[in-house]
Amino acid sequence: QTIANQVGLFCVSTKCDDILMWAHYADSHRGICLEFDGMSPLMAHAHEVTYAGDRIPINPYEDSQDVMMSKALLTKSHHWKYESEWRLCRYEGGPGVVTFRPQNLTGVVIGAMASRATIEIVEQWHQQRREPFSLYRAFISPNKFELTIKPYV
């Protein structure tokens with residue numbers, strides 16, 4: 001059984017305006033981005049991903065269990081460095097749905113190409129939610145290959 005079948009990973013980024021991440025992870029700018037409180041207990045055990053040019057060999061005879069897991073779960077190719085990724089690893093229970101406390105969510109960014117239906121769902125969620133969060137909208141620059149995130153009004 002591979003590590004991917006045994007360990008759950010919750011991956012987050014310190015960036016919300018990277019045009020490639022919106023293309024890869026938010027359905028080509030049609031989805032949303034969730035903003036979490038980085039100082040909350042939810043993120044207290046997050047680990048920063050290391051980016052490398054070569055795979056780091058794992059030596060089960062010399063590496064501790066923690067070092068082996070770090071090499072396997074917290075190291076990616078330097079090609080992904082733009083993601084500025086952090087990961088929460090769940091060793092018990094494996095992959096699956098992550099539940100977090102409502103106060104951990106501090107904002108939602110609506111994608112630049114989000115459908116009216118997606119926008120309405122997020123607006124309704126924002127209005128009905130007991131725990132407030134900030135609402136933003138992403139805009140694709142007409143002149144540059146970049147996004148601008150602005151408060152949603």
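**Sheet and pockets of the predicted model**

Three strands are arranged as an open sheet in the order E1-E6-E3, with antiparallel pairing. E1 and strand E3 (47–48) stand at the edges with a single partner strand each, so one side of each has no neighbour in the sheet. Strands (E, at least two residues) and helices (H or I, at least four) are DSSP runs numbered from the N terminus, and two strands pair if DSSP finds at least two bridges between them. The structure is a predicted model, in which local features need pLDDT of at least 70 and side-chain atom pairs count only at pLDDT 80 or more, whereas totals for chains, interfaces and linings use all residues. Residues are numbered from 1 along each chain as its sequence is written, and side-chain values use heavy atoms, with hydrogens and water left out.

The antiparallel pairing of E1 and E6 runs over six bridges. Ser13 stands opposite Glu85 in E6. In E1, Gly8, Phe10 and Val12 make up a covered face, while Leu9, Cys11 and Ser13 make up an uncovered one.

Pockets were located on a 1 Å grid over the protein atoms alone, a pocket being an open set of points where a 1.4 Å probe fits, with protein on both sides within 12 Å along at least five of seven lines; lining residues have an atom within 4 Å of a point. Grid points are joined across faces, edges and corners, and a volume is the space filled by probe spheres set on the points.

The largest pocket has a volume of about 790 Å³. Its lining comprises 28 residues, and Val12, Ser13, Lys15, Cys33 and Leu34 are the closest to its centre. At least two lining residues each come from strand E1 (8–13), helix H2 (19–25), strand E2 (32–36) and strand E6 (85–90); E2 gives the most, with five residues. The lining divides into 18 nonpolar, three polar and seven charged residues, where Ala, Val, Leu, Ile, Met, Phe, Trp, Tyr, Cys and Pro count as nonpolar, Asp, Glu, Lys and Arg as charged, and the others, Gly among them, as polar.

The second largest pocket holds about 250 Å³ of space. Of its 16 lining residues, Phe10, Leu88, Cys89, Arg90 and Val98 lie nearest its centre. E1 and E6 each supply at least two residues of this lining, which divides into ten nonpolar, five polar and one charged.

Technical notes: Buried means under 20% relative accessible area, exposed over 50%, partly exposed in between (1.4 Å probe, protein chains only).
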